[in-house]
Amino acid sequence: MDLIFSNAVNALFDPMTAAYAIAAIGIALHFGFTGLLNFGQASFMAVGAYGFAIATISFGLPFWGAVAVSVGLSVILAFLLGIPTLRLRSDYLAIVTIAASEMLRYIVSTTSAQPLTGGPQGLNNYSTEFYGLNPIPVGTYGFWNFTYSEREVFMRIVSWTLVVLFAIVLAILVRSPWGRVIKGIREDEDAVRSLGKNVYAYKMQSLIVGGLMGTVAGILFVIPRSVQPGNYGTQLTFFLWTMLLLGGASTVIGSVIGSMIFWGLLSLSDDLLRAGVDNGVITFLTNDQVGTIRFMIVGLGLMLLVIFRPQGIFGNKKELQFNG
Amino acid sequence: MLHSQMRANRLVIKLLSSIVMLFALFASANAASAATPAPVDPSKIFTIGGAMTDCGSGIPGVKFHVTGPGLDVISTTDKTGHWAAIAPETTKYVVDRFTVEIDVTTLPKGRKLFIDNTKRSLIFNHVNSSSATFKLAEIKCAGTTGGNGTNAENPGLNALFNGINLGLMLAMAAIGLSLIYGTTGLSNFAHGEMVTVGALTLWTFNKVLMWDLVPSALTAIAIVTAFGWSQDAFIWKPLRKRRIGLTQMMIVSIGLSMVVRYFLQMIYGGNTKVLTQGDTWEVLGVKMPAVNIICSGISILVLIAYTLFLTRTRIGKATRAVSDNAALAASTGIDVEKIIRVVWVVASLLTGISGVFIGLYMQAAWDTGFSIILLVFAAVTLGGLGTSSGAAIGAMIIGLIVELSTLVIPSDLKFAAALAVLIIILLVRPQGVMGRKQRIG
């Protein structure tokens with residue numbers, strides 16, 4: 001029981017939770033503040049992960065060089081997605097972003113791209129230089145069930161610092177004159193256009209900035225693990241949307257808290273179910289089947305949230321109107 | 001006029017009465033599928049495993065070398081083709097990477113891997129078990145002469161036939177999606193799960209309960225139709241009553257798709273269910289499974305029947321009226337909610353047929369529908385959102401691109417090719433092939 005509880009608390013502050021939070025902050029800018037239906041945040045994360053890993057492994061770039069490559073690729077991707085779709089109705093952006101992200105996943109996982117992307121096996125061994133930046137001396141830190149190696153501590157500090165940083169960036173952006181324009185676009189595109197604003201350019205800027213956050217999240221996500229093409233399916237995007245809507249799409253803090261609640265609850269429900277199966281309390285499920293229940297919970301949660309509390313936990317109902 | 005109305009009414013009554021029947025069937029089907037047990041894993045330990053199968057029966061004696069932190073074992077497949085290796089216990093949140101290497105010398109004589117890659121790496125992402133999949137090349141099942149293998153002599157014609165075949169199947173699913181979109185505005189991401197239900201229930205009846213193919217297929221189609229009807233009755237109609245926005249409805253459908261998909265995985269497990277059937281026919285020197293040729297023929301008949309329904313029956317005309325302008329249709333006395341219900345039944349009927357055929361064409365698994373849903377969306381968008389003829393044409397284009405692209409690019413990129421074409425066409429002609437310009441606003 002202690003372990004189940006501490007696993008859940010661990011999940012709250014896991015670097016992965018932080019990575020998801022940053023990617024969700026990106027969609028908050030896209031959807032919550034600009035009204036763009038970006039269903040391809042997974043592709044921005046994939047660009048971060050693969051750009052970073054390939055630049056390090058195949059081209060031998062230093063850490064910051066690899067980060068710069070990812071960021072550059074992310075801007076290119078945003079243009080590629082935005083140019084054909086930002087002039088069209090919002091559901092076209094949804095279909096094109098989801099199609100593009102799946103396309104990217106097929107391309108990186110094809111066996112013919114194996115020398116570069118690792119194909120279905122993915123990539124690893126690219127984090128040495130990042131951990132080289134670690135100033136924390138070797139050892140284990142923490143107490144009870146919360147002990148971490150120096151790398152884990154460093155990873156947690158870096159990820160959560162970036163979460164705070166991006167949350168502040170988002171807060172500043174949406175309170176700026178620029179933010180007022182994009183919120184105007186969310187409410188009524190034509191009204192903003194009639195004021196002489198270039199709606200297309202604003203939408204594009206929003207897509208680029210939010211996508212960049214996805215890319216940084218993608219880099220953070222893969223540093224402590226390997227790059228696996230299977231991770232960048234539409235599932236990833238839908239998870240991010242659930243977190244976003246859980247916290248509140250039109251809020252700054254919503255995506256962060258949403259991500260923490262999401263992973264905390266998943267860890268808790270998963271461990272409790274597994275404990276139930278192991279102790280014979282739950283007899284109608286096997287451990288394999290428990291693995292699928294988490295996804296059913298997410299799906300059901302997403303449905304109920306959108307129907308009964310579309311503004312999320314922290315949102316203001318007046319601020320978020322799902323359009324069209 | 002009166003006569004056709006009576007005919008239409010009778011149709012509705014027939015549909016409704018059959019649905020009541022189907023509900024009973026649905027319940028029994030669920031019981032049946034629950035009877036197929038997933039591999040039991042009673043331990044808390046992390047397992048790595050998989051199955052080597054050939055035409056539905058396991059291949060024993062294939063060796064796998066599993067390595068990873070604290071693990072270096074060789075696992076051999078049992079009589080059912082299953083193998084498993086147990087990783088050292090760990091309670092960590094995300095577990096390290098493991099590598100599985102297949103010993104190709106232990107494969108049956110003359111058999112090779114589909115993709116010449118003997119290693120897989122695995123990572124546990126919040127699950128206790130992970131599986132490594134290795135497919136064998138050129139499956140030739142006992143009792144057949146050619147099977148689903150490729151026809152090396154004539155790859156072009158073979159790809160063309162496959163493309164037409166896939167296009168026709170996608171067309172029915174795409175028309176279903178497009179009908180629902182046209183009348184209710186819903187971009188239904190859970191549409192793929194209707195395809196999956198069709199394919200998996202076909203497998204349940206045909207391969208578990210050992211029914212003949214035709215009654216199994218009809219029952220599977222009926223179950224999908226009942227599933228579609230109940231989806232509208234219990235989810236979408238109440239949501240329309242609450243005046244939930246279309247974007248919200250779309251996200252609800254994403255949630256529903258996850259619930260249904262993982263429910264199916266829970267019941268049926270993660271492996272692919274083989275639905276291969278009997279004979280092979282030769283058409284213009286290309287060998288094809290007979291069942292696929294028959295499916296293509298039936299698809300064409302279904303599409304013709306659907307067109308007649310849309311243009312000749314009163315309900316069909318009312319459907320077109322509602323999809324054109326629901327408010328105007330209501331003011332002429334059309335019961336819009338009733339039409340929407342009919343649309344759901346017709347759409348899920350078409351999708352059920354498509355699901356059964358797709359199962360026969362590419363086998364059935366818990367994520368079959370999910371793997372093609374983007375192709376279906378691509379077809380609908382290509383044709384022009386909300387038009388039936390456009391959806392059919394879009395589906396044919398997508399089907400042909402998917403299969404013909406294998407002639408020039410690696411076959412694991414064929415779905416990517418279709419999605420690329422979708423994006424390019426949206427750049428050039430955003431309203432789609434058959435769409436009207438005002439729809440893209």
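View 1. Just after helix 2 of chain A, A:G35 adopts a positive phi of about 80°. Helices (H or I, at least four residues) are DSSP runs numbered from the N terminus, as are strands (E, at least two). This is a predicted model, in which local features need pLDDT of at least 70 and side-chain atom pairs count only at pLDDT 80 or more, while totals for chains, interfaces and linings use all residues. Residues are numbered from 1 along each chain as its sequence is written, and chains are lettered from A in the order in which they are written.

**View 2. Helix 2 (residues 15–33) of chain A.** The helix has 19 residues and reaches 26 Å from its first C-alpha to its last, close to the 27 Å expected at 1.5 Å a residue (1.5 Å times one less than the number of residues). A kink of about 30° is centred on A:I27; the bend is the angle between axes fitted to the seven residues ending there and the seven starting there. In helix 2 of chain A, 19 of the 19 residues are buried, so the helix is largely enclosed by the rest of the structure. Buried means that 20 or more other C-beta atoms, placed from the backbone, lie within 10 Å of the residue's own.

**View 3. Confidence in strand 1 and helix 11 of chain A.** Mean pLDDT (the predictor's confidence in each residue, from 0 to 100) is lowest in strand 1 (residues 140–143) of chain A, at 83. Helix 11 (residues 199–222) of chain A has the highest, at 95.

Technical notes: Buried ≥ 20, exposed ≤ 12 C-beta atoms within 10 Å, placed from the backbone.
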